[in-house]
Amino acid sequence: SQKMDIMLMALETLDEIRELGLTPNSTTYTALLEACDSLAPIGQERQRLLENIFMKASEAGYVDQSVLEAFKNAASTYLYAKLVVAQSRQVENMKVVPENWTRNVLGFSANSKGGR
């Protein structure tokens with residue numbers, strides 16, 4: 001479909017950004033997740049794309065609130081539970097994602113220690 005072609009072009013752009021030596025950030029990953037939500041038809045391929053984008057964001061340390069919300073809106077309940085809920089830890093009445101997922105997000109971790 002034309003929508004899926006557009007989605008695949010967006011993912012290719014992510015690779016091109018990296019090849020140019022630029023670093024995608026939280027805004028980039030949020031936009032990709034939202035594009036996938038709008039363009040990819042519901043099904044296994046969509047879930048695979050969402051998982052791929054989210055894993056790249058978490059590996060790069062760019063998971064912020066907007067990435068989490070975009071992923072939750074787009075992903076199946078199962079995929080969100082598998083990738084976010086199962087990896088989070090309980091702190092008081094909140095779930096907290098692993099610190100390395102947010103390591104490059106400015107101001108995300110209020111209680112981080114040490115300098116950069």
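Axes are taken here as lines fitted to C-alpha atoms, for helices over the stretch in contact, with angles running from 0 to 180 degrees between N-to-C directions. In the predicted model, the axes of helix α3 (residues 44-60) and helix α4 (residues 65-74) come within 11 Å and cross at roughly 165 degrees. Because angles over 145 degrees count as roughly antiparallel, α3 is assigned as roughly antiparallel to α4. The crossing of α3 past α4 is left-handed.

The contact between the two helices involves R46, Q47, L50, E51, F54 and A57 on the α3 side, and V67, L68, F71 and A74 on the α4 side. Sorted by class, this contact comprises 7 nonpolar, 1 polar and 2 charged residues.

The structure contains 3 aromatic pairs. One of them joins F54 and F71 in a stacked arrangement, with 4.4 Å centre to centre and 20 degrees between the planes. This pair connects distant parts of the chain, F54 lying in helix α3 and F71 in helix α4, 17 residues apart. Both F54 and F71 are buried.

F54 also pairs with W101, here edge-to-face, at 5.4 Å centre to centre and with 85 degrees between the planes. The pair again links distant parts of the chain: W101 lies in the segment after β2 (94-96), 47 residues from F54 in helix α3. Like F54, W101 is buried. A single aromatic cluster is formed by F54, F71, Y80 and W101.

Definitions and conventions
Residues are numbered from 1 along each chain as its sequence is written. This is a predicted model: local features need pLDDT of at least 70, side-chain atom pairs count only at pLDDT 80 or more; totals for chains, interfaces and linings use all residues. Side-chain values use heavy atoms; hydrogens and water are left out. Helices (H or I, at least four residues) and strands (E, at least two) are DSSP runs, numbered from the N terminus. Angles under 35 degrees count as roughly parallel, over 145 as roughly antiparallel, 65 to 115 as roughly perpendicular and the rest as oblique. A crossing is left-handed if the near helix is turned anticlockwise from the far one by less than a right angle, and right-handed if clockwise. Contact means heavy atoms within 4.5 Å. Ala, Val, Leu, Ile, Met, Phe, Trp, Tyr, Cys and Pro count as nonpolar, Asp, Glu, Lys and Arg as charged, and the others, Gly among them, as polar. Rings of Phe, Tyr and Trp (its six-membered ring) pair if their centres lie within 6.5 Å; planes under 30 degrees apart count as stacked, over 60 as edge-to-face and the rest as tilted. Buried means under 20% relative accessible area, exposed over 50%, partly exposed in between (1.4 Å probe, protein chains only).
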